Structures are given as structure tokens and as C-alpha cells.
Amino acid sequence: MAERSFKSEVEHLRLGAGKTFTGEGILAITKALLESGVGYVGGYQGAPISHLMDVLADAQDLLAELGVRFEANASEAAATAMLAASVHYPIRGAVTYKGPVGVNVASDALANLSSSGVNGGALIVLGEDYGEGSSIMQERSHAFAMKSQFWLLDPRPNLPSIVRAVKQGFELSEASRTPVMLMVRIRSCHVTGQFEAADNIPPALTVRDALAEPRKDFRRVVLPPMSYAHERDKIENRWPAAEAFITERALNERFGPRQGKVGIVLQGGMYNGVTRALQRLGLADLYGNTEVPLHVLNVTYPLVRTEVLDFARGKDALLIVEEGQPEFIEQTIGSMLFREGVQTRLMGKDVLPMAGEYTGEVLRDGMTAFLRETAPDLLPRQVRAPNRDAPEIPDLSKTVPVRPPGFCTGCPERPIFAALKIVQQELGEHQITGDIGCHLFAALPPFEIGGSTMGYGLGPASNSAFDGGGSKRAISIIGDGGFWHNGLASSIGNMVFNRSDSVAVIVDNYYSAATGGQDVPSSRASNPTRATNNPISAAVRGVGVDWIREIDRTYDVPRMCEVFREALTTDHDGPKVIIASSECMLNRQRREKPLRQEAINAGTRVEVPRFGVDEDICTGDHACIRLSGCPSLSLKTLDDPLRDDPVAHIDQTCVGCGNCGEVAEAAALCPSFYRADIVHNPSGFERWRAGIAAWLIGRLQRRRERKSLSFGGAA
Amino acid sequence: MTLHQPVPAKEARPGPDDVIKLAIMAVGGQGGGVLTRWIETLARSQGYACQATSVAGVAQRTGATVYYVEMARTGSGQPVFALAPAAGDVDILIAAELMEAGRAIARGFVTPDRTTLIASSHRDLAVSEKTVPGDGIADAAEVRAAAEIAAARFICFDMERLAVESGSVISATLFGTLAASRCLPFERADFEDAIRTGKREVEASLRAFDAGFHACLQGVPSGDAPERSPPAQGATGPAHLLDRWQGLAGRVSDLPAPVRPIAMAGLRKVVDFMDADYGQEYLDRMAPFVDADGVDNDHALTRAAAKYVANAMAYDDVIRVADLKTRASRNDRIVVEMGTEPQQLLHLTEYMHPRAEEIVGLLPARLGARIAASPRAMARVDRWFSKGRRLRSDRLGPFLLLYALGGLKRYRRRTRRHAVEQAHLDRWLSRAARAAADDPALATEVLGCGRLIKGYSDTHARGLSNFDKVLGIVDQVAGRPDAAACTSRLREAALLDEDGKALTEAIRAIERS
């Protein structure tokens, strides 16, 4: 991890028995891995599990002491493939990525791994990116567990439960010779809390030692006839072993009275939401003591039939609280009840919505509807017959503007899209696709560039139908993260092989920026444990691209425009690849700001740039903003009766990247922009020269004021 | 399965009302995470069980984000806290920006039975507000009014400004305000200790905390209103010119009272743009509208004339830009805005891109017209001159160039640009005057179309073309009872988007009607 340090988090990982850990869920999981005697850890970063990767990357010393191998894998598929070490060796391994997009990428390796079965515990820590704050399509990873038959844990969202799930996950994996996926939702990853730490345990067999005595067993290879045996093994041995372990070790939990007219079956991750709804209905107290029986599925796949039937027995109705769709759990329980001839009524997606996050309101409404239908006497009177007349609160939904994420202040990707917008104004609109990463924000106003995203590293590939060319060339965008994840082969190699006529723009910001600024092979930083500084251009040339243009300062908008024009009009045959490189401003500021402050304090000469707008020259047409969208370029309403519209204004958060000036120049917008460089600790000579210029300029200014009518500033 | 045996029910036992629920709505980058950590540290240090959640990742890149904290006195067990705020169930809502307060209200997180709303009154404009060619800024008054109704208690002042003035970020002022609001059962010193557990920028944070704390208790000293420019001063200059100015100012005082302030501002603008003669011309151009106007509409027609004629006469040309960029008052403003200190130097780089149109506009009218009529000649001028130019205006050489250009005010009357502008103004004002005779409201709207012409180069050309389109329709609808309303609608539509989609639609709608 380049510009951010996680050293203080690493200290949490060293806590021993008797100490209390305080922090976020994802860090607790990281600690639990070390307490479980894990032998190797890998993964691919992405919200909400980036933190696990970032902290381990900074914990090299601790990992070396324990003999744990940490790998920052090239993709989720690579990460899952790493779990192959647990197929033959009795070594616990864990990998992490986000779901379901990461699982999509990993599914090839996941299916093979699940077919082979494991010897050492294999755990996948999955950050399920669903609901508010999610940046991906709304699907469930659950289906993958059903498809490949690995087990899915969904623990209650508090630190002790999550930590317990990590340890139980490894044991379940070993007991059933099956990989286990531990699913944590966005908010569970970032939930804070405490748990009692235990000592870290070095792995019984390290991966290093395992190399000395290699093992193999052809029966684990996914080839016929073994693949048929694997399928039978899953059904006849691994699944029953898993059910037995889940029951014996009480992985699922019951709350509330033993008997009850109705009960709720819920995913572990839904427990706090369900309990809050019960609390608000007066059916549970602060500590979760509930009057309605709950069956909490900390293991959501497989469902243990005996447990479900036992819970249903004697109850009139069950409510299934299962977030997302399709409703796999509800369907399975329905089938269990039907086959057993149990008459318990099953409710779920009829009172709760099929699609969308189960927020506090949704759960309270759904559970109220369930209870009103099946056990109205449980409901407090005011819920049964509400008579509160609440004051009418004005509807602000039309007033409040939407605020989607966008490029940061000074982002080096902004000038790329400003240039592309300017060039499209000259040459007409083009077919453009995006990839995954920060650059996808260009699809939103003010740029509105690109209309599709098909997956990580697949930007250029998603334009391949247009590779044959036409009256205008297709353009695709891909980030450096996507390029190294999958793009080199699937997108660029694909373009070369199919003799594509399209243009691919590789946005190189030196990091995997959208996931938090991790290093990638082309990062410029020197990283003691990773090989960086592998140029993208060399890789692109290596797969056979001839037409490559490299721009090493994206803020040079005229040059960006020129390269776009050339790529779109050249008669070169074959793919046209533009590599636009400038450092992610967020990370650059993290590195430079403290150094700059230090230099200023030490008396060194430092220039700090910032941009400004002459408010009396700006006419308030906002053309500059339509080519920028920078958070620091905003509007200001002047106290001038002659002005109708607010003028552009740059606030103190400006980092002086230069985009506004460059764009104003390249698009011939207006002369309002100026750059102000504040010179800290100037030299004596410099000061003297500037003093003379200022004196002469002052005289000239006063002379003009004396000779004409003036009104104290601009009129 | 693990069996958790229930406690006997129906006794007075701690329920969800014993939990303090606090949500923070912020814009990515405002330090909502830091504020959340302080609150957590504070609660734990005071013996409370506490849980916080947030959504990190790309959602934080300049987008709207929510942080959520719950706390309860530690008791017989581990409380079960929710992971996200629920509508109607939030005790304290902290909004780090005014529209985020509005978003909280719209989402139902602010309710009169329980919620204290602590909001900063400053605005951090969303992209959709900024890109509108006209004025797209959301209505802050509407949010404030809704907050007064929705919140049990509403604390609102400009916490961003206090933070910046303290050399810190808004999270610290919000924390100070939270302390002063007494919404949490902790003492000020405990809050400050929470800040001290952090490692970075502790002193600055404590200063901003103090600013927020005081402002919450005693009110903000000043400046909560939008920025005000210094009051307009009287004219200065040589005696003979001041005499002329007094004469012109006298003519303004003869105008109806409601017109005077704007006419005075307009007069100042055009005199500043050129000279006293030009001021005379301005008042002459306005005169016909004074006669056609009446008291019944509060002299709307004359006020429109005073405003838009001044703006049109003081068009944006190279000379004006050079003049404005070389004034002492501009330097003073930049020094204040940048916060430059005396021991520092300030370098200024101007970004300009004069095109053939601007160069030719500077030439004498007839020569300029000849060149402008020949595309080949224009292309040649473009080749010679049109490129991005950066001038270091704090240096003597570039300053002199701009200074000399800015001194061409009196020569300006002879330029091609002036001729073009005058001709345009003549056509437009005669159109308005014709309308004034029988439909003063329409004439007012026609004058108001001056608002469409702004910007430079392409933007200016687009504005002119919109202006022509709207005036074209005016000719069609003139005489209809809704002519003024139609014109106003078209003008507003033209200011909605850059591509003129709204305008085209509005024109179609009017043509159909």
C-alpha cells in the first residue's frame, strides 16, 4: 500500500490473550485469521474488504514472524486458485474479495476447488456489496454456493460473532472437506465493536515447509472419472458431514421462548435489524431478549433440515427474513415443510419486498404485517390502531439535488474526459464504453461519456462488436487496475488478434485508485515487497500493439485533444492505444502535503499553486463547470444588482492541478481564470525584483485612476 | 444450535429508547469518519457501549455519505444495536452541509418527536446545480423552513467558515456544536479529550471545536449572510470629469425612485467601461422606456432597461478584460482570497486564448468588417494569433501589454466589435420599444432576454443564437395575451441546458399552442 500507512492497525493484530480488541469488523476478521493458525492469505481489494488487504500488506513483519505467506493476487480468480494449496496440504488458507463481482471472476477457480475438495481449511472472506453505498449490480453471491456446493456463513453482525465465524469456518471446512465462504455485508465490515483477543497461532505446517515435501493425489484432479466421484462425494459425504458439524457445534442460534405461535427464521446478517424492529414493536429489550422465537442462520447454506423442522414444529406461521433475491432460503424451507407435511404457514417475500435492502423501516413494516396477520395480540396497541397525527413535513425530494460520487478535486482523469468532450464537440459523438474504476464517473454529468460497463478489464472487449470500424471509430476506456486485472489479455490482446480498428484509452493513475490506492504492477512507487514500475506501454507493445501514444501529464489538455484527434482520424490499421498517465491526486496529496509543510517550516523556497476566477470577468455561463465538475470549482452569488446568475468561484480546497485553466484555454472559454502561485520563503533577490515590479505597477495603476473616473473597484 | 434463554418479559426493562441514535450526513471528504471516531471514543471513555458503522469505498468520492452511531449505558449484557439509521428513529442528526440536512429530512431521519438537527448552513454545490447555464442553485430557504417543522430542535450556522478560519475542517466545529448542544450526556472536557486521543492536527481541531462550541451558545458573530461586496463608493477622478459625473448622477435622481438604485449601478458600469459620454448615451437609450412605463408595475420595464442596457453596453471585449486584470483593486482582492502573507510572494498567471474574432474585433470597424467577411483572411488571422497564452501579470513586461490594451477605452468606439454591439443593441432596443407601446410586459421580457447573451467565444455565440431564436418567436406571439409569459418561459428554458434541448421543446410547445 503506497501512500497510506496502516501501522497503527497492525498493532491491533499483535494483541494477545487477555486483551480487548476495539475496532472495525474487517480488522477483527484479519485478527481472527491469525488466531486460527492460517498459513497463507491472499485476495483482491475492493470495498468493503480492502482494509483486510491493506492492513496485511503493512503487516509483513508480523506475518514473517508467524510464517504466514501474504499475496496481493492479480484477480479474484488468482486469489481463489491460491486456495489450491489447501487441496493437498493440511494448511489453512484464506482469501478475500468483494461479492458478487469478485465471485463472478473467481467462479472458475471456485468450481474447481469445490469439486476437488480440500484437506486444510479453505476460507473465502467475502464482502457482500449490496444495498446503500454499494457500487455494483445488486445480486446475491448465495447462488454460487448452491451451484458449486461450498458452504456459506452469514454471521450476526457483531465482532464476537464474526470472529467466532472465522474460526468455525475453518473447522467446518476441514470437517466437511469443502471450502467455506464467510459473507459479511458492507456495514458489518465497517461496524465497530470489541472482542476478547486470543494469541496468534503460527500454522502447524507452513507453505515454506510444505515445499520440501510435495504432495499429490490424482483423485483430486477434476478429470473424468474423478469428477463424477467428486459430485457423489459432495452429496454422500461432504454435505452430511457439514450438516452434522453445524448441528453438533451449534453454529446456528435460537433466541426467545422455546414455544410460540409464530417464529422468525433469519440470515445471521439480518439479526440486528430484526431485533431493532422487535425492540421498536415492544417485543424485545435492549439486549435482544425477544418474545418472538428467532432461528438465526449463521450458516445460510446448507440449511439443516432437522433444525428447520424442529423450529417450525408447533408454530402457526414462520417469517423468513432473507435479503435480496431470488429467495433461495424461503424456497428451500417451503419445500422442506411441504415434503414433511407440516402445516405451518410460510411468509417472507409476501410481506417483505423481493428486491432491495432490508432497512429499518422495511423490516419494521414487514414484520408488523406478518404479526398483524398471524399473531395480532402480540402487537402493541398503538401499532394495531395508530392514532398519532404527525405534522406534515414538507417534501424536499425535488429540492435536494442528487449527489452521486465523482472525481476528486484535482483528479488527473478529469482533463482526459474534458479533452474527450471537447474533441467530440468537434468530431461528433462517438460510441464509447467504460470499464470498472474511478474513470466510470465520467459516465455521469457533466461529462456523460460512455454508456456501458461490462466488467473489470473488459472495457475494450465490450466494444469488440465495433472493432471492424465504420464512419467513426469506437472508443473504450480502461483503468490501470482493470488493465492488470484482466484487460491485457481479454481486452488488448483481443483487439490485436481481431485486428480491431478501435481506440482504447488506458487511464494510468499509478494505483488501483478506486479501491483505496493499492499498488499495481505499473505503480511508480518503490514497494519493498512488490515488483512495481512495470510500464503498461511495454506490456501493450508486447502483445502486439503498434500504435501507442503515451501522455505523461494528463493535465495538458491541448495535447490530450491532439492525441484523441490523431487516434480517431489516423489511417493506421489495427488497435490504437492511448496511455494517459498522471498520479491519483488523492494519493499524491497524501504524500506531498506533509513533505511540503515540512519544507516550508524549514525555510525552503516552495511554490504552492491555486487557481482563481476574476468574478467581474466571469459572465456566469458555467461553461467551465460543464467541462470539469471539480468539487473546488463552484459558484458564488455576487451582491451586484446587475447580475442575474451566480459566477464561478474556486474555493480554498483547490490543489492547483490546472484543469480549469487548461480547459478554458483549449476550449477557448473565457479569460477569467488565473493561477496564483504563493511563494513561501522567497530568496532576497527574488523579493527585490518583485518589489521593483510591484512598485512600478502600482505607479501605473494610480496614474490611470487619477486620470479617469473610477468607482473604487470594478463597477 | 446455541439456545439463548429469554429474560422474563413485560417488566420495565431497557428498550430502544435507552439507546442514543446519532446519524451523520456528509459529503465525501468532509471528515465524517473522523467525527464518528471522536464520538465513539468519547462514548466508550464515559462507560457507554457504542457501535458505529459507515459505508466506505467509492461512495465516499465526493458523494453523499451516512455514518451512524448508537450508544447505551453499559448494563447487564451486550446491547443489540442497529447498523443503519431508520426513518423516525434518530435522536441526533448532524448534517455537514445544508442540502445534506435536506436529504436527511427527505429520508425521514428528522422527526419532530425526537430529533435534534445540527446542520451547517453553508452550501457545497452538487454538480447538477453548477452545470446549469443560468441559476440552478437549490433553494436553501425551503430546506431551512422544512427543518424548522421537522426537527424538535434545529441548530444551524456556518460551521464550515468557522472551521476554515480556525485552520481545521468542519468535523471539529460540528463536534464542538454537538458538545454545546448538550444532546449527549458528557462534559466539554470529555469531548476535548476524545480529540486529544487522535494523533494529527490536535491543536487546530481543538480551536475549531471551540469555535463551534461558542457559536452554538452565543450565535455566530457575523457573515452568515451571503458575501457582500464593499458598499459602492462615490466617484473619484479629475475635477472636470467629476462635474460631468454629477450631471449624469443628477439625471438618475430624476428617475422614479424604484429605478434609481439599478440605474445608478448601470450608469457606474458603463462609465467605468468607457467614459462619461458613454454614460450619457446609456441614459438616453433608457429614456424611451421611462415614458412608456407606469407605476402600476413598479416600473418593471424601466428597471429591466436599466439593467440589461447597461450589461449590453459594457460588453466583454479584450480591452475590458485587460483593464480589469490590471487594476490595483484586483490585486488586493486576490491577496485576500489567497491569504497571502507579507513575507510571501504572489505569482499570477493569466490563462487566455484570443481567437481571430477577438483580434479582428479590435481593428477599426471597416477594416475589421472586411476581414471578418472573408473566411480565408479569418483563417490566416486565426493561424497567427489563436493559441493559448499564459501571461505572468505580476511581471512588468506582460503587465505593460495588458495595461496598454486596457488603456484603449476611448479608441474602442472605432472598433469593429463596438460597431457590431451597437447595431445589435439598436435592433434589440427598437424591438423592445415597439412592444412597449401596447404591451409593456412583453417589452420587459424582451429586454430580459439580454440575460441570454453571456460568456465568450462559443458560449457567447450559442447565447446569441438562443437570443435570436427567442426574439424570433416574440415576433410570432406579439399581440397574443400571453406573449410576455411565452417569452419569459422561453428565456428560462434557454438557461436550463447547454445544448438548447429545453429551449427547442419550449419553442415547439408554444408553436403548437
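In chain B, six strands make up an open sheet of mixed pairing, in the order β3-β4-β2-β5-β6-β7. From one strand to the next, the twist averages 10°. The model is a predicted one, in which local features need pLDDT of at least 70, side-chain atom pairs count only at pLDDT 80 or more, and totals for chains, interfaces and linings use all residues. Residues are numbered from 1 along each chain as its sequence is written, while chains are lettered from A and ligands numbered from 1 in the order in which they are written.

Within the sheet of chain B, strands β5 (residues 92-95) and β6 (residues 116-120) run parallel and are joined by four bridges. Ala95(B) stands opposite Ala119(B) of β6(B). Helix α1 (residues 32-45) of chain B packs on the sheet, where it touches β2 (20-27), β3 and β4 (64-73) of chain B, and its direction makes about 165° with that of β3(B). Helix α2 (residues 98-106) of chain B also packs on the sheet, touching β2, β4, β5 and β6 of chain B, at about 130° to the direction of β2(B). Axes are lines fitted to C-alpha atoms, for helices over the stretch in contact, and angles run from 0 to 180 degrees between N-to-C directions. Two residues are in contact if their C-beta atoms, placed from the backbone, lie within 7 Å.

Chain B as a whole has 23 helices and nine strands. Its radius of gyration (taken over C-alpha atoms) is 30 Å, well over the 24 Å given for 513 residues by the globule rule (2.2 Å times the number of residues to the power 0.38), so chain B is more spread out than a compact globule. Along the principal axes, the C-alpha atoms of chain B fill a box of roughly 95 × 65 × 50 Å. Of the 513 residues, 49% are buried, a residue being buried if 20 or more other C-beta atoms lie within 10 Å of its own, exposed if 12 or fewer, and partly exposed in between. Among contacts in chain B between residues at least 6 apart in sequence, 69% join residues at least 24 apart.

Helix α13 (residues 318-325) of chain B is mostly covered, with eight of its eight residues buried. These include Val318(B), Ile319(B) and Leu324(B), as well as Arg320(B), Asp323(B) and Lys325(B). The buried residues of α13(B) pack against α10 (260-273), α14 (328-338), β8 (345-352), α15 (356-362) and α18 (396-406) of chain B.

An automatic or database domain assignment gives chain B domain 1 (16-218), domain 2 (239-313) and domain 3 (417-512). The C-alpha centres of domains 2 and 3 of chain B lie 22 Å apart, and 14 residues of domain 2 are in contact with eleven residues of domain 3. On the domain 2 side, α11 (276-292) and α12 (300-313) of chain B are the elements that give two or more residues. Helix α12(B) gives the most, with eight residues. By class, this side has ten nonpolar, two polar and two charged residues, where Ala, Val, Leu, Ile, Met, Phe, Trp, Tyr, Cys and Pro count as nonpolar, Asp, Glu, Lys and Arg as charged, and the others, Gly among them, as polar.

Between the chains, 115 residues of chain A are in contact with 131 residues of chain B. On the chain A side, the largest share, ten residues, comes from helix α24 (residues 684-707) of chain A. That side has 54 nonpolar, 35 polar and 26 charged residues. Strand β23 (residues 673-680) of chain A pairs with β8(B) in the antiparallel sense over six bridges, and Asp677(A) stands opposite His347(B) in β8(B).

Chain A also holds an open sheet of five strands with parallel pairing, in the order β15-β16-β17-β19-β18. Its edge strands are β15 (432-433) and β18 (547-551) of chain A.

Terms used. Pairing = 2+ DSSP bridges.
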